[in-house]
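Q: Can we go through this one together? I'd like to start with a single residue and then look at how the chains meet.

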Amino acid sequence: MAKIVSKEHFSEHVVKLVVEAPMIARSRRAGHFVIVRATEGGERIPLTIADADIEAGTVTLVIQEVGVSTKKICALEPGQELADIVGPLGQATHIEKVGTVVCCGGGVGVAPLLPIIKAMKQAGNRVVTVLAARTADLVILEDEVAPWSDEVIIMTDDGSRGQKGLVTNGVEEVIKREKVDLVVTIGPAVMMKFVAKLTEGYNIPTMCSLNTIMVDGTGMCGACRVTVDGKTRFVCIEGPEFDAHKVDFDEMMSRLKSYN
Amino acid sequence: MENCNCNTHKSLAPRDAEWRDELRRALPAKDRMAIPRVKMRELDPADRLANPTAEVNMGLTAEQAVQEATRCLDCPNPGCVSGCPVSIDIPGFIKNIQRGELGEAARVLRSTSALPAVCGRVCPQEKQCESKCIYHKSKREPVAIGYLERFAADAAAKSAPAAAATPAKDATRIAVIGSGPAGLSFAGDMAAKGYAVTVFEALHEIGGVLKYGIPEFRLPNSIVDGEIDALRALGVEFLRDVVVGKTISLDDLREMGFEGVFVGSGAGLPRFMGIPGENLVGVMSCNEYLTRINLMGAGRENSDTPVMTGKRVAVIGGGNTAMDAVRTARRMGAEAMVVYRRSLEEMPARVEEVHHARQEGVEFMTLHNPLEYLADEKGRVRAMILQRMELGEPDESGRRSPVAVEGAVEEIPVDLVIVSVGVSPNPLIPNSVEGLDVSRRGTIVVNDDTMESSIPMLYAGGDIVRGGATVILAMGDGRRAACAMDEAMRARKSNNK
């Protein structure tokens, strides 16, 4: 059981929860995720850790309501409990000083990007953050990423905030004007696919974080498998981060629809 | 247990006890041998599909059990005990059944097996204890040891709850990683020896493969929970949702005051064959299929977890897990078939499982091997391409190896494929502990006698050491490790004095 300490609505369907999980708060690193079960009888679903407070013993999760289970999680109020939270799972992000890092996130993908932005900045990189959303209301965590970014570029599909255009437009703008050493992309599979296509053209190393279907999250079921560089890999224990240029995103998108 | 002199394993029912002598003399061996072997009562095949979680084997009646127990000749050198990986005092518990002392029978069982109700159901007795029964020498069917074990364990669970115990305040603390058969067996033995045992489980349920893997129609969850409650009563503590190696490290455990650690983290990783189309939607591991249904309750009213049921399901492989998956698929309403590359004779699954699968209408495509899976326009599996095989020369396993019949390839329509071709050890612990000796296959290397790893006071057993074996072998490992760790702890403490 894990008590909800606080709750904030980023938008109608996107909720930030701060959850009591002292052991996870202490051991998590950027890139890690947890598996959460809202209630008894609930599904086990993976959620990336957006932030953690070791002293308070809490972790921060950002959840978008998309199905039965995320709805149940988003409906929980402070004082109530998640039936289960387990983690941190997956491999932590490899953080080093490489020069200039463009971190681009779409939708709730910005949440797992936040700890990576922080860690990249702390490692001494120049960090340019590109946040993308369909519309102004869906831009999240802008204030949280700002202190750790040398520049924040906001892109919206409808132009209601920042510039009008897709995440790839924002990333390309940076690539064209300065030398970029690494791109980190987290968001919907289709977004990561096009970011990878763009950066491949410029030959810039690019890392993505995959949010596939999982059951146990510890390597046992294989539901999360993806093809990377022609080989089957398990996102839960070998990922969630992979070389974006080698991921078969089309296969991944097809597998994400397994239960739709 | 062989070579074990610890107090836990002293005989509770010595053969020279007066009551046993009387039983031996009460009926001549010839008369006992004339009694036919008992038949297990089974749920009617038609009722099984309508009651997907109902246990197929229904257990013996008290009369059946006493009669079967009477068949046992109470040999002076019982072969059955040597055939048991945990050396259960088999005649000791069987003779207690015969004289009607079921509580005593269960006590004998429990003194050598932490999970008798589980073993009585899922052990391959026909390859172990029963294969060594003296009855084989006169071409008779062996004593039904497995049925009797189950009977005694169930009867005792129904009547008397296990006596409660709590470890002493200054008891040495021991951590167990994983709550499957190896971990539970180790935990039970260590608690009985007076240690303060805490079991860490990564999932939200205790029981490991007994819960997520083996279906309820073969091993009801209530039975597993009963065994776990018995361990709780012995003072064993269980913590769920903790992944040792991730949530906490081995060093953390030491800091928390755990002086000994046993790793029974199992064979987590499902294997695939690496053939085209294996990542299509509708192709999944047996672990995923069974976990969704057994652990997550997919298909039941109060569960949010979805599962693909399929109309025509193919299960690839011929082991017990393949049988569990294919029989589950029948219960989920699908036409279901097993695809196995050798013949029925080489199939590693228990004879009983194959028999039950056939009764339930499972089709067996033996001497076939998948080459490729084909997708429909939505990327979902629609068919499999099978290569017909024939048997060639025996391979290193002693089984005749399958050889492709040139040109004999066929396409079979399917909408769900469950791959059950084995598992690899879970890499979480091997990868997270520095200095731990790990084999090329990813298993933890241990001393075969003591189960101690390259790190002192870190023991391991079950599939994380064996790479994919049986419940009973895992339990045997737990038992051996408990004896050895206890001895090592005592030696260490007396040296420190």
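**One residue, then the interface**

A: Let's start with Arg48(B), which lies in helix 3 (residues 45–50) of chain B. Keep in mind that this is a predicted model.

Q: Is Arg48(B) buried or exposed?

A: Arg48(B) counts as buried, because its relative accessibility is 0% and the cut-off for buried is under 20%.

Q: What does its side chain make a polar contact with?

A: The side chain of Gln359(B), at 2.6 Å.

Q: And which residues is Arg48(B) in contact with, leaving aside neighbours within four places in sequence?

A: Glu42(B), Leu43(B), Val56(B), Arg331(B), His356(B), Gln359(B) and Glu360(B).

Q: New topic. How many residues of chain A are in contact with chain B?

A: On the chain A side there are 44, and they touch 41 residues of chain B.

Q: What area is buried between the two chains?

A: About 3,200 Å², with carbon and sulfur atoms giving 53% of that. Met220(A), Arg225(A) and Tyr259(A) supply 22% of the area chain A buries against chain B, more than any other three residues.

Q: How many salt bridges are found across the interface?

A: Three. One of them joins Asp84(A) to Arg240(B), where the closest N and O atoms are 3.3 Å apart.

Q: How many residue pairs are in polar contact between the chains?

A: The count is 23, taking pairs with both residues at pLDDT 80 or more.

Q: Which element gives the largest share of chain A's side?

A: Strand 7 of chain A, with six residues.

Q: What about the side of chain A by class?

A: It has 17 nonpolar, 16 polar and eleven charged residues.

Definitions and conventions. Residues numbered from 1 in each chain as written. Chains lettered and ligands numbered in written order. Predicted model: local features only at pLDDT ≥ 70, side-chain atom pairs only at ≥ 80, totals over all residues. Heavy atoms only, no water. Contact = heavy atoms within 4.5 Å. Buried area = accessible area lost by both parts, 1.4 Å probe. Salt bridge = Lys/Arg side-chain N within 4 Å of Asp/Glu carboxyl O. Polar contact = N/O pair within 3.5 Å; in protein donor to acceptor, adjacent residues only side chain to side chain. Helix = DSSP H or I, 4+ residues; strand = E, 2+ residues; numbered from the N terminus. Nonpolar A, V, L, I, M, F, W, Y, C, P; charged D, E, K, R; others polar. Buried < 20%, exposed > 50% of the residue type's maximum accessible area, 1.4 Å probe, protein only.
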